[in-house]
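Please open the structure in a viewer and keep the residue selection tool at hand.

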Amino acid sequence: MTNHSPRPADRSFLFVLGSSRADGNTGILARAAAEALPADIPQRWIDLNSLPLPDFQDGRHEEGDWPVSEAERTLREATLEATDIVIASPLYWYTLSAQTKRYLDYWSGWLGVPGLDFKKRMAGRTLWAVAAMADEDEAVADGMSTTLNNTAAYLRMRFGGVLLGNGSRPGQVRGDERALIRAKTYFEGETPLALFPQEKRAEQEERAAETAGATA
């Protein structure tokens, strides 16, 4: 089983900001990472506070067309146009912010839009994440990482992991030298195909069997 695939030559990044604070620590860290991208790679930034979505309602098993707001249409088009999607959400109660989770909930609805082929079109793209958090122990963000990894795995996307920084007070993340250093090379990191836990176990067992066979 291989879990790496080539990145598209024509890349474009969508940054989805899900903080409840304008110019918050997460946004600062995300922009620090974005500054390291080559100038010829397009970037689009969308602040979910400026483009609010109503609470998602699952209409997959209901008859008739579900109304699509202008905000939803804009986000859906921007999502499908990007090769790389960056979720920029502070760590709220050890997971994504409400704004960000609502955006991802809409992905469920887009899966069922006739003719959109959302799942097929998202396969092979890359999901990234940037998060500021008050705790200095990065392990407390494992829940967010698991959520995003499994989201990417379901859509057969690649996952670049979560760039974490420490910051609670406005602008505090600027003092996290380690996070700012990592930000400079974050988008150069490996982006393996996201796998569910059971797929990872199967891959590890396959590798172990191959190693055992080679040394037998």
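The stops below cover helices, the contacts between them, and several loop residues.

**Before starting**

This is a predicted model, in which local features need pLDDT of at least 70, side-chain atom pairs count only at pLDDT 80 or more, and totals for chains, interfaces and linings use all residues. Residues are numbered from 1 along each chain as its sequence is written, and side-chain values use heavy atoms, with hydrogens and water left out. Helices (H or I, at least four residues) and strands (E, at least two) are DSSP runs, numbered from the N terminus.

**Helix α2**

Select residues 70-81, which form helix α2 with its twelve residues. From first C-alpha to last, α2 reaches 16 Å, close to the 16 Å expected at 1.5 Å a residue; the expected span is 1.5 Å times one less than the number of residues. Colour Ala71, Glu72, Leu75, Arg76, Ala78, Thr79 and Leu80, which are buried. Buried means under 20% relative accessible area, exposed over 50%, and partly exposed in between, with a 1.4 Å probe and protein chains only. The elements covering these buried residues include β1 (13-17), β2 (43-47), β3, α3 and α4 (118-122); contact here means heavy atoms within 4.5 Å.

**α2 against α3**

The axes of α2 and α3 come within 11 Å and cross at roughly 80°. Axes are lines fitted to C-alpha atoms, for helices over the stretch in contact, and angles run from 0 to 180 degrees between N-to-C directions. The two helices, α2 and α3, are therefore roughly perpendicular to each other. Angles under 35 degrees count as roughly parallel, over 145 as roughly antiparallel, 65 to 115 as roughly perpendicular and the rest as oblique. On the α2 side, display Glu72, Leu75, Arg76 and Thr79; on the α3 side, display Tyr103, Tyr106, Trp107 and Trp110. By class, this contact has five nonpolar, one polar and two charged residues. Ala, Val, Leu, Ile, Met, Phe, Trp, Tyr, Cys and Pro count as nonpolar, Asp, Glu, Lys and Arg as charged, and the others, Gly among them, as polar.

**α1 against α6**

Next, select α1 (residues 25-34) and α6 (residues 177-185), whose axes come within 7 Å and cross at roughly 40°. That angle makes α1 oblique to α6. Leu29, Ala32 and Ala33 of α1 meet Ala179, Leu180 and Ala183 of α6. The contact of α1 with α6 has six nonpolar, no polar and no charged residues.

**Helix α5**

Move to residues 142-154, helix α5. Which residues of α5 are buried? They are Met144, Leu148, Asn149, Ala152 and Ala153. Seen down the axis of α5, the buried residues fall within an arc of 165°, so they line one face of the helix; the arc is that of the directions from the helix axis to the C-beta atoms. These buried residues pack against β3 (84-88), α3 (98-111), β4 (126-133), β5 (158-166) and α7 (197-215).

**Loop residues**

Most residues other than glycine have a negative phi. Select Arg156, in the loop between α5 and β5: its phi is positive, near 60°, and at 29% relative accessible area Arg156 is partly exposed. Trp93, in the loop between β3 and α3, has a positive phi near 50° and is exposed at 77% relative accessibility.

Finish at Phe187, in the loop between α6 and α7, which is buried at 6% relative accessibility. The C-alpha atoms of Phe187 and Trp128 are separated by 8.4 Å, although the two residues are 59 residues apart along the chain.
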